[in-house]
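Subject: Structure handover

Hello,

Here is the structure we talked about. Please open it next to this email and follow along.

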Amino acid sequence: LSCGCCRIACQAPKAKRSIPFSGTATSAPSEQGSFPYFAMASTIDMSVISMAEKHNDIAEPETVFSALVDELIWFALGFAAIQGLVYFGYLPQVNFGFLSPIGGRGKKDVESSKRRCAAKALCAAASAGQHSAVLEAWDHEKSKGALPLDALKDSAQALTLLAPERLVSELTGHLTQNRAGYSQPTTMHALLETIVQSNRPDLAEALAKAMEETLEVSRTSRAQEILIGGFAAAGDEEKVQEIEGKSTGTEANDATALSHSTAIRGFLKSGKLDVAVKRMVSMQGSGLQVPPRAVTELFKAACSAESGSVRRILDGLGDSIQLPTECLALLLADCLQREDVELARCLDRVACAQETPTHHSIYEPLLKLFAKSGDARAREIFERIQRDGFFASEGLCGRLLALCGEGRNLQFAEVIVAYLRARSMMSLAIFKTLMKVYVNCGRYDSACDLYEQVLAAGLEPDHVMYGC
């Protein structure tokens, strides 16, 4: 070090003789009154060391910071080199987490991301009903590769509605160009369902034929079922029979059962109830079970049709097809609303013939209809439900009493009252309703006798009973 201490040491006078250094600085002063030379040198050395340590303490933070900057620079250079190799294809794609947006994605990933965004925008436009925007997106994306199945279905719907003349050629061309991107026959089924739902079964059939010829995709029983349902919903019975005739192979029996069920649903949708009835009878005659839900849907459509449709369908089905409980409940509720007692009696006979289990949705409409019409069948039904373990609530009994009063059915009213007395269920409301029954039937003395019975039951007559 070039410091003042060194210069002092260099300017010190040289000793006339060598004095051995003992390693201590405790020697006595010389005769001239000054310290020995080795003591001064030791002092100078300690000063120099102390100043050097202070210099190192000051320089250490600068040294650490410089090393940290160097490491960061080398890391950045290495990262940039790896990204460059990935970008130019010399290394496979590596996911660097949060650093990937800096340049971790290659050209293929950028294109794939754009395609996904375009497909999402297409589906969003379809959900909003913007079919023209969907068609524009389809024109832009159809030649760039396979689309997600949802986007392809939305494009097919837009083509069906806005450009049906382009549908078969463009979809077939797109599927031919991207065979590896679509699984078959799932894609065919999805496209056919979309086109049929747009009420264009003719376009669906044309697309199926084109895919068979171009893509060599065989038509499955599911595809047959979709086409049959579409033409049946359009009311084209001849076309349905034509397509059913093409069902061959090991799945012919299953296809026949499915085609019958699908055709029945389609004809019900188109309002051809008589054709649906023929289908059900034919299906039952072939040894196939008619779906109970189809029978219920048939009579539901009949209830909404013209008067007499239900009776005509009942005669058409005959005794071969059993009516499910849900169907009987639906029909009896409609009879109650229309007060059609004759049809209710017919349905009652059907329920007894097929031994339909007792259910409140069946016996309640019958009891109400027969109570008002004065039919003796009401008493038989009421006694049967008691034998089957059913409990008639106070509300039901009160409603039946009121209907007996309207129909002057005193005999059934007394049966209901006996049931309520046996179970201690005679309330003031029941007494008042029974009084009206007696009055409507001209039994005024019996109506007056109810006053004493009300007091005996611990009830207080109100102004209605006094007025009666």
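A crossing of two helices is left-handed if the near helix is turned anticlockwise from the far one by less than a right angle. Keep that in mind for the helix pair below. One caution before we start: this is a predicted model.

**The helix pair**

Start with helix H8 (residues 201-214) and helix H9 (residues 221-233). Their axes come within 9 Å. They cross at roughly 155°. Angles over 145 degrees count as roughly antiparallel, so H8 is roughly antiparallel to H9. The crossing of H8 and H9 is left-handed.

Which residues make the contact? From H8 they are Pro201, Asp202, Ala204 and Glu205. From H9 they are Leu227, Gly230 and Phe231. Sorted by class, the contact of H8 with H9 has 4 nonpolar, 1 polar and 2 charged residues.

**The salt bridges**

How many salt bridges are there in the whole structure? The search finds 23. Here are some to look up.

Stay with Asp202, one of the H8 contact residues. Asp202 forms a salt bridge with Arg200. Their closest N and O atoms are 3.0 Å apart.

Next, go to helix H13 (residues 292-304). Lys300 forms a salt bridge with Glu297 there. The closest N and O atoms are 3.8 Å apart. The cut-off for a salt bridge is 4 Å, so this pair counts. Where do the two sit relative to each other? Lys300 and Glu297 are 3 residues apart in H13, so about one helical turn separates them. Both are partly exposed: Lys300 has a relative accessible area of 39%, and Glu297 has 27%.

Now move to helix H16 (residues 341-353). Glu342 forms a salt bridge with Arg345. Their closest N and O atoms are 2.8 Å apart. Glu342 and Arg345 are 3 residues apart in H16, about one turn of the helix. Arg345 is partly exposed, with a relative accessible area of 25%.

Last, find a network. Which residues does it link? Asp139, Lys142, Arg166 and Glu170 are linked by salt bridges.

Best wishes

How values were computed:
Residues are numbered from 1 along each chain as its sequence is written. This is a predicted model: local features need pLDDT of at least 70, side-chain atom pairs count only at pLDDT 80 or more; totals for chains, interfaces and linings use all residues. Side-chain values use heavy atoms; hydrogens and water are left out. A salt bridge is a side-chain nitrogen of Lys or Arg within 4 Å of a carboxyl oxygen of Asp or Glu. Helices (H or I, at least four residues) and strands (E, at least two) are DSSP runs, numbered from the N terminus. Buried means under 20% relative accessible area, exposed over 50%, partly exposed in between (1.4 Å probe, protein chains only). Axes are lines fitted to C-alpha atoms, for helices over the stretch in contact, and angles run from 0 to 180 degrees between N-to-C directions. Angles under 35 degrees count as roughly parallel, over 145 as roughly antiparallel, 65 to 115 as roughly perpendicular and the rest as oblique. Contact means heavy atoms within 4.5 Å. Ala, Val, Leu, Ile, Met, Phe, Trp, Tyr, Cys and Pro count as nonpolar, Asp, Glu, Lys and Arg as charged, and the others, Gly among them, as polar.
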